[in-house]
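This briefing is meant for someone meeting the structure for the first time. Please look over the sequence and the model before reading the notes below.

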Amino acid sequence: MIKIYSTTHCPYCKMAKDYFDKNKVEYKDYNVEADEEALADMVKKSGQMGVPVIDIDGTIIVGFDRGAIDHVLSHKK
Amino acid sequence: MYDVVIIGGGPAGVAAGIYASRKKLKSALITKDFGGQSVNSASIDNFIGYKSISGADFAKVLEEQLRANDEIEIKDGKFVVSVKKIGDYLFELTDNDGIVYQTKTILYTAGSVYRKLEIPGEKEYEGKGVFYCSICDAPLMKNKPAAVIGGGNSALEAVIDLLPYASKIYLIVRSGIKGDAVYKEKIEKESKVEIINNANTKEIFGDAFVKGLKYQDSTAGEEKTLDVSGVFVSIGWTPNSGLVKDLVKTDIKGHILVDSKTQQSSMPGIWAAGDVADGLYAQIGPAIGEGIVALLNIYDYIISEDKK
């Protein structure tokens, strides 16, 4: 299960979600601006507050790092 | 072998890519992603052709227009790790996957990266209260005090991005506000914004996350402390010219020196455009113009070199 922690206007969050959509990868989006529980989860998982944070089955990626995302996804299959 | 490889997918690189494709040059554009620094703007209101467009949407428009052109090979999600001159009219580039490109010419439009304060605590607290992308991370300052460091447009935009969220916003300016009057007037009207002039930020401190910062008042000379949960560093950008710094001449800040008529660098075969070049104004419009000028000049250069 892929989780993405984002804020409403964050361009890198949008780019990450667009990238998942384009590659037909399913994910659940948590808007930490509105969801304080999700924000607490995000901070706990990543040890920091910047968005986006992407959680791919427990592997945490901070920022829209396409190389890291591709790497984790290719090892997942 | 390529006629031209364009490095970077911001406004300058994309504009050049479209022209390269229409000239039917054998070309490639290598970029991590599209839009360059413009993606960080909540709203771009001074790009002629759009009354208003968000940075993220602008990046999409650029990508779509480039992809509508068939001739150019688009290598996105990649970045170049080395640039070598291997012959008189020949360069070799290697990308992060180890793929090698040989090309007659290079158009370097790698833009710039956030300039750092380089003070104690900045690196340690990056993401833990020290932020560079205000539009991304301003919402995390809900009901918390925050500081913005800088006096240019990006600093004023950061204040505006924080307005709906932060309980208090300190704008810490070293030597006067240089940003646009429209932004300045807007933030001066806000009671929760406090502008601190003549202030040199010295240190960012905290525990697991940022708790505050120290600055020195440069007129009185005394050091003061502000309690804030977030520090948004908006002191401009540093040109991303490291890859070619041994090949081309740069100014002291690292901008690539170019001929203002042609965008050609000091090294024959390498052109630069956009924020990485030494143009006076880092704006989308000039970046696009420079990219186009560079590409047209590259085209002329290839025609004349190929005849030799």
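The model is predicted, and every value given here is computed from it. Over all chains, 21 salt bridges are counted, and one of them, between A:Lys14 and B:Asp57, joins two chains.

**The sheet of chain A**

- Four strands of chain A form an open sheet in the order β2-β1-β3-β4, and their pairing is mixed.
- Strands β2 (28-31) and β4 (59-62) of chain A stand at the edges with a single partner strand each, so one side of each has no neighbour in the sheet.
- From one strand to the next, the twist averages 20°.
- Strand β3 (residues 53-56) of chain A runs antiparallel to β4(A), to which four bridges join it, and within this pair A:Asp55 stands opposite A:Ile60.
- Helix α2 (residues 36-46) of chain A packs on the sheet, where it touches β1 (2-6), β2, β3 and β4 of chain A, and its direction makes about 105° with that of β1(A).
- Helix α3 (residues 66-76) of chain A also packs on the sheet, touching β1, β3 and β4 of chain A, with a direction that makes about 10° with that of β3(A).

**Salt bridges**

- A:Lys14 forms a salt bridge with B:Asp57, their closest N and O atoms being 3.7 Å apart; because A:Lys14 lies in helix α1 (residues 11-22) of chain A and B:Asp57 in helix α2 (residues 55-67) of chain B, the pair joins two chains.
- A:Lys14 is partly exposed at 31% relative accessibility, and B:Asp57 is partly exposed at 34%.
- A network of salt bridges links A:Lys14, A:Asp18, B:Asp57 and B:Lys60.
- In chain B, B:Arg67 forms a salt bridge with B:Asp76, with 2.8 Å between the closest N and O atoms; B:Arg67 is partly exposed at 37% relative accessibility, whereas B:Asp76 is buried at 18%.
- B:Lys224 and B:Asp217 meet in a salt bridge of 3.9 Å, N to O, in which B:Lys224 is partly exposed at 30% while B:Asp217 is buried at 13%.

**A buried charge without a salt bridge**

- B:Glu92, found in strand β5 (residues 90-95) of chain B, is buried yet has no salt bridge, and the nearest side chain of opposite charge, B:Lys84, is 4.7 Å away.
- The side chain of B:Glu92 does make a polar contact of 3.1 Å with that of B:Gln102.
- Leaving aside residues up to four places away in sequence, B:Glu92 touches several residues, including B:Ser82, B:Ile86, B:Val100 and B:Tyr101.

Notes: Residues numbered from 1 in each chain as written. Chains lettered and ligands numbered in written order. Predicted model: local features only at pLDDT ≥ 70, side-chain atom pairs only at ≥ 80, totals over all residues. Heavy atoms only, no water. Buried < 20%, exposed > 50% of the residue type's maximum accessible area, 1.4 Å probe, protein only. Lys, Arg positive; Asp, Glu negative; His and termini not counted. Salt bridge = Lys/Arg side-chain N within 4 Å of Asp/Glu carboxyl O. Polar contact = N/O pair within 3.5 Å; in protein donor to acceptor, adjacent residues only side chain to side chain. Contact = heavy atoms within 4.5 Å. Pairing = 2+ DSSP bridges. Axes fitted to C-alpha atoms, helices over the stretch in contact; angles between N-to-C directions.
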